[in-house]
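Hi,

Here's the structure I said I'd pass along.

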Amino acid sequence: MVTGDAPETAATVARAVGLEGKVFAGRTIPDRIEPEDFAVFAGCLPEDKFTLVKAFQSAGHIVGMCGDGANDAPALRQAQFGIAVSTSTDVAKSAAGIVLTEPGLSGIVNAVTQGRIAFQRILTYTLRSILHKVRQVPYLGIGLFMTGHAILTPMLVVISMITGDFLAMSSTTDNVIPSPRPNIWKIGDLTLMGIMMGAFDLLFCVLILWIGHAKLHLPIETMQTLTLVNLVVSGQAIYYVVRERRHLWSSRPSKIVAACSMIDLTLVPSLAVTGTLMAPLPVPIIAGLFGVAAIFAFTLDGVKTVLLHHLTID
């Protein structure tokens, strides 16, 4: 709590709201100070609030500031998370990043929670995108080299893009667990994790392609259908692995995500079995793809767990 009131008054108010800790009553805010040092800052001038926010930021903290007056505006603007209460002055509301619309401070907790939920969804989308980019081009190139033909026709590319987009868009509704700490983008670690998991996915897809070409001796038209079905089932496995920072079975997906998954995993195999828009693929091969994709998902989940243990991704 930061206030211009006298230390005695500030301490009384702090106790009334359950805020325990030392009271700072100095004349100048130190340049080096930690949030744990004091619970209350009393006798502060308007510029002291701005100085305190900058001091916490210099110590490496993400700072949230809540205020209501014109003298709070500089600190509200400086903080990463400036919050103006519903009864704030227009100057404070203009400086803040968030303006509460209802009396009280409960909206702050909800704003933090929703922000961290959104971050987790964006993190899932970003990691999945990096992973797909790492796999896609090398996989098509290896397929061309191995078979001497393009392993996806334009029609199959369209089907793959449409089914993948449904799952990607549904991820905005997914059930996620917000992190207990403020989130920071670690682009280097995120990219490294995406590359390593993408390489593992590439290995899996190439293995399926090699089995179809070298062991089953499938014609190129059937190989193209095999490639599409493999991309769909492995893509589903990837999504359910990267949506969780813990093990993939730790939380249930949203109903919309589950419905989109069911549509993708029903539609594409049905087209493959009936030979609609593509060469037909035998049911035993499709069933085998589902089985190895499940094994791949749990294996990739283990790889993810090891990577998260060594990388800093919340």
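Helix 6 is the biggest contributor to the lining of the second largest pocket, giving eight residues. That pocket holds about 580 Å³ of space. It has 21 lining residues, and those closest to its centre are Arg 128, His 132, Ser 160, Met 161 and Gly 164. Besides helix 6 (154–170), helix 5 (106–147) and helix 8 each give two or more residues to that lining. By class, the lining splits into eight nonpolar, eight polar and five charged residues. Bear in mind that this is a predicted model.

Now the largest pocket, with about 770 Å³ of space. Met 1, Val 2, Gly 64, Met 65 and Cys 66 sit closest to its centre, out of 22 lining residues. Two or more lining residues come from each of helix 2 (46–58) and strand 3 (64–67). Here the lining has 16 nonpolar, three polar and three charged residues.

Back to helix 8 (residues 220–242), this time for its packing. Helix 8 packs against helix 9 (residues 255–274) at an angle of about 165°, and their axes are 10 Å apart. Angles over 145° count as roughly antiparallel, so that is how helix 8 runs relative to helix 9. The crossing is left-handed. On the helix 8 side, the contact residues include Leu 228, Val 232 and Tyr 239, while those from helix 9 include Ser 261, Asp 264 and Leu 265. Taken by class, this contact has eleven nonpolar, three polar and one charged residues.

Cheers

Technical notes:
Residues are numbered from 1 along each chain as its sequence is written. This is a predicted model: local features need pLDDT of at least 70, side-chain atom pairs count only at pLDDT 80 or more; totals for chains, interfaces and linings use all residues. Side-chain values use heavy atoms; hydrogens and water are left out. Axes are lines fitted to C-alpha atoms, for helices over the stretch in contact, and angles run from 0 to 180 degrees between N-to-C directions. Helices (H or I, at least four residues) and strands (E, at least two) are DSSP runs, numbered from the N terminus. Angles under 35 degrees count as roughly parallel, over 145 as roughly antiparallel, 65 to 115 as roughly perpendicular and the rest as oblique. A crossing is left-handed if the near helix is turned anticlockwise from the far one by less than a right angle, and right-handed if clockwise. Contact means heavy atoms within 4.5 Å. Ala, Val, Leu, Ile, Met, Phe, Trp, Tyr, Cys and Pro count as nonpolar, Asp, Glu, Lys and Arg as charged, and the others, Gly among them, as polar. On a 1 Å grid over the protein atoms alone, a cavity is a set of points where a 1.4 Å probe fits but cannot get out, and a pocket is an open set with protein on both sides within 12 Å along at least five of seven lines; lining residues have an atom within 4 Å of a point. Grid points are joined across faces, edges and corners, and a volume is the space filled by probe spheres set on the points.
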